[in-house]
Amino acid sequence: MTVTPTDLGTYLGVTIDPGDDRAMLLIDLATQLCESIVNPLPDGADAVVLDVVSRAFTNPTNAHQQTTGPFSASYGTVAGGLWLTRANKATLRRLAGSGGAFTIDVAPVTAPAVPWWEVNTWGFDDLADWNQTP
């Protein structure tokens with residue numbers, strides 16, 4: 001998995017020089033940030049890295065803007081830098097196979113594979129004599 005400045009340009013719909021230092025730095029930092037959640041990055045994590053990089057590339061100071069019709073207003077900087085959203089973290093975990101519901105086996109290793117109530121302890125050989133005592 002390798003995200004390049006060309007991939008970022010395609011994602012954003014602009015032309016970015018393959019040797020763009022700013023793009024490479026942001027890609028490296030976003031990759032490291034994603035690896036802090038899941039390491040090594042699973043297949044498909046390119047989408048998360050591109051999401052994080054595009055957010056930082058297009059709005060480096062994270063200025064909050066609101067647009068209504070022909071009017072727009074900027075409310076200043078919220079917090080600059082790269083960050084992962086809750087959805088980014090969940091996607092990385094899901095791609096790594098560690099998201100969602102899970103099961104914990106609390107049975108000891110020596111426990112039989114079939115519970116005692118499922119084992120034929122009465123000695124019935126077929127289903128015809130299920131209601132007869134031995």
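The legends below describe close-up views of a predicted model.

Local features are given for residues with pLDDT of at least 70 and side-chain atom pairs only at pLDDT 80 or more, while totals for chains, interfaces and linings use all residues. Residues are numbered from 1 along each chain as its sequence is written, and side-chain values use heavy atoms, with hydrogens and water left out.

**View 1. Helices and strands of the protein chain.** The protein chain contains four helices and two strands, in the order α-α-α-β-β-α along the sequence. Helices (H or I, at least four residues) and strands (E, at least two) are DSSP runs, numbered from the N terminus. Of the 134 residues in the protein chain, 22% are buried; buried means under 20% relative accessible area, with a 1.4 Å probe and protein chains only. Among contacts between residues at least 6 apart in sequence, 56% join residues at least 24 apart, a contact being heavy atoms within 4.5 Å.

**View 2. Helix α3 and its buried residues.** The 13 residues of α3 should span 18 Å at 1.5 Å a residue, and the end C-alpha atoms of α3 are 18 Å apart, which agrees. The expected span is 1.5 Å times one less than the number of residues in a helix. Buried residues of α3 include Val49, Leu50, Ser54 and Phe57. The buried residues of α3 pack against α1 (5-12), α2 (21-35) and α4.

**View 3. The crossing of α3 and α4.** The axes of α3 (residues 46-58) and α4 (residues 86-95) come within 10 Å and cross at roughly 160°. That angle makes α3 roughly antiparallel to α4, the term for angles over 145 degrees. Axes are lines fitted to C-alpha atoms over the stretch in contact, and angles run from 0 to 180 degrees between N-to-C directions. The crossing is left-handed: the near helix is turned anticlockwise from the far one by less than a right angle.

View 4. Val48, Asp51, Val52 and Arg55 in α3 meet Asn88, Thr91 and Leu92 in α4. The residues of this contact divide into three nonpolar, two polar and two charged. Asn88, in helix α4, is buried, with a relative accessible area of 5%. Not counting residues up to four places away in sequence, Asn88 touches Val48, Asp51, Val52, Arg55 and Trp83.

**View 5. Thr31 in helix α2.** Thr31 lies in helix α2 and counts as buried at 18% relative accessibility. Thr31 and Val53 are 22 residues apart in sequence and 8.9 Å apart in space, C-alpha to C-alpha.

Key
Parallel < 35°, antiparallel > 145°, perpendicular 65-115°, else oblique. Nonpolar A, V, L, I, M, F, W, Y, C, P; charged D, E, K, R; others polar. Buried < 20%, exposed > 50% of the residue type's maximum accessible area, 1.4 Å probe, protein only.
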